[in-house]
Amino acid sequence: MKKNFIERLLPIFALLTWVFLFGIMLILFIEGTPIFKSVPIFRFIFGRHWYPVHEPPEFGILPLICGSLMVTVGALIIAIPFGLGCAIYLSEIANRAVREVVKPFIEMLAGVPSVVYGFFGMVLLAPMIQKIFHLSIGLTAFTASVILGVMALPTVASIAEDAISSVPKALREASFALGANQWETITRVVVPAAKSGIFAAIILGIGRAIGETMTVLMIAGCCAVITPNFFKPVRPMTATIAAEMGEAPMGSMHYHALFAIGLVLFLITIGLSLIAERFKER
Amino acid sequence: MLRLKKLGLLILIASFVTVYSSEARKRPNTLTITGSTTVLPIAQRTAEEFMELHPKVNISVRGGGSGVGIAALIDGTCSIADASRPIKTKEIATCRSKGINPVGTVIAKDGIAIIVHPSNSVKELSLEQLKAIYAGEISKWSEVGGKTKPIVAISRDVASGTFEVFKKLVLKGGKTKEDALMLASNKAVATAVVGAPDAIGYVGIGYLSSDVKSLVIEGVTPTNETVVSGEYKIARPLYMYTNGEPKGLAKEFIDFILSEEGQKIVEKVGFVPIK
């Protein structure tokens, strides 16, 4: 009887994750779509001006999308080489003792709360970058990219490491038997064999960087401008939602617009996760 | 039989939950306060003092923002909503439709000081110059008597009550320039200005420190006295909203904040007492 009861309960827990996911999606749709009644969806996504509390308000999220993309790309430029390097070193080159010391540290890096990263970026990194590059302010897309890169690094490193170490040993032995040295084996055999897992790692790293909120809120500077310059402040979507949700009157256009940003962000991250799943399966 | 037992258990749990929640709502010595993060330190410190004086009373204070507070008042999940701005007409309409009559009590004033780096040679600005700086019409310090450096304008995020007041009193409803930084807290603005010699920002008077220089605006230095007397122009009242005139415990608590002792706390946490 008891076992039966618990066994029946377990699928409910599993189903709950679906309930949550669809609940979130539903709320985002219900609360987000009303904005498209007053602002056409095209103007919302490609509008270049974000003045939500001005009279009359302007809801164009292109600068916010660009802000998110910029810090994410910046973060990837840092996280991919370091993360992959780390993964290859740990699974192919490092001996067991080193691996057992280093791997937990990488995982600990993933456990540092984002507000701590933000604080670190604000009081230490931003003034440093301001001084080194002679900027008038250190809160820039570059600063945010560096910190986000460090934050995405453990995700990329640990998933890529899993992928690389699950490459069958026989492949490596065959490569050595053919006379390839270790470097050739890594670049020509192991990494290509682990390609799909590495892609999944990178895509999850993107998801980590694009969804990060607290850190970018604190250090990206938050100017809603479209700029190709990494040494200028930018404003990612997540920071906008976090900064403005508290004071937006419930049911106002601003409120719905913030939910619509959430919806855009949600669709992006869901898309990324689906792509990552695809690669992982291979 | 077993099924019946299960059903009985469920009913028992359900009745516990309902009894407990309605109990919590009915308990006369519990007060829930939600709202503006600006008012939060005042509400928190005064609540602590108040509970010390009245040990049986339990006050829970939450932040979230003025909009969140008023929404909670409408939903009936708080008895006092803190707000750093007067209630909006749209919110009043929602209140009316739910049969709620929001009444605001001014409990303190918040002066907004304009801050620059201590090394900045500019000491004074007019409201017009300030507006032009934030609108992007003045972009170099030399245009207001300083060095030939570009001005880095730092603003609060558009949803903060501080921004709303700044927009109303300084920008007169105008826009900030697009490349103004929009930071999420008074502390963040102060920290940014401390680190950037060419920056200008604005914070609540309570956040002034010796690391930054506050500017004289229209010939008036921002101090408690000039805010209360109304000479200093960039200041706003802070409110506590209740459903109808405050009564019972809510009235006792608001009266306590308005008392001499309460107003001392207001000053201690960095705001301007109204008396």
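Colleague: How many residue pairs are in polar contact across the interface of domain 1 of chain B and domain 2 of chain B?

Modeller: A polar contact is a pair of N or O atoms within 3.5 Å; within protein, one must be able to donate a hydrogen and the other to accept it, and residues adjacent in sequence count only if both atoms are side-chain atoms. Across that interface the rule finds one residue pair, both at pLDDT 80 or more. The model is predicted: local features need pLDDT of at least 70, side-chain atom pairs count only at pLDDT 80 or more, and totals for chains, interfaces and linings use all residues. Residues are numbered from 1 along each chain as its sequence is written, chains are lettered from A and ligands numbered from 1 in the order in which they are written, and side-chain values use heavy atoms, with hydrogens and water left out.

Colleague: Which residues make up the two domains of chain B?

Modeller: Domain 1 of chain B comprises 2–109 + 237–268, and domain 2 comprises 111–229; such bounds come from an automatic or database domain assignment. Five residues from domain 1 and six residues from domain 2 take part in the contact (heavy atoms within 4.5 Å).

Colleague: What area is buried between these domains?

Modeller: The size of an interface is often given as the accessible area lost when the parts come together. Here, buried area is the accessible area (1.4 Å probe) that two parts lose on being put together, summed over both. Between the two domains of chain B it is about 460 Å², with 43% from carbon and sulfur atoms. Ser84(B), Arg85(B) and Lys109(B) supply 62% of the area that domain 1 buries against domain 2, more than any other three residues.

Colleague: How many salt bridges does the rule find across this domain interface?

Modeller: A salt bridge is a side-chain nitrogen of Lys or Arg within 4 Å of a carboxyl oxygen of Asp or Glu. The rule finds two across the interface of domain 1 and domain 2 of chain B. Elsewhere in the listing for chain B, Lys88(B) pairs with Glu164(B), the closest N and O atoms being 3.8 Å apart.

Colleague: How many residues of chain A are in contact with chain B?

Modeller: In chain A, 32 residues are in contact with 41 residues of chain B. The two chains bury about 2800 Å² between them, 61% of it on carbon and sulfur atoms. One salt bridge is counted between the chains: Lys175(B) with Glu58(A), the closest N and O atoms being 2.6 Å apart. The rule also finds nine residue pairs in polar contact there, both residues at pLDDT 80 or more.
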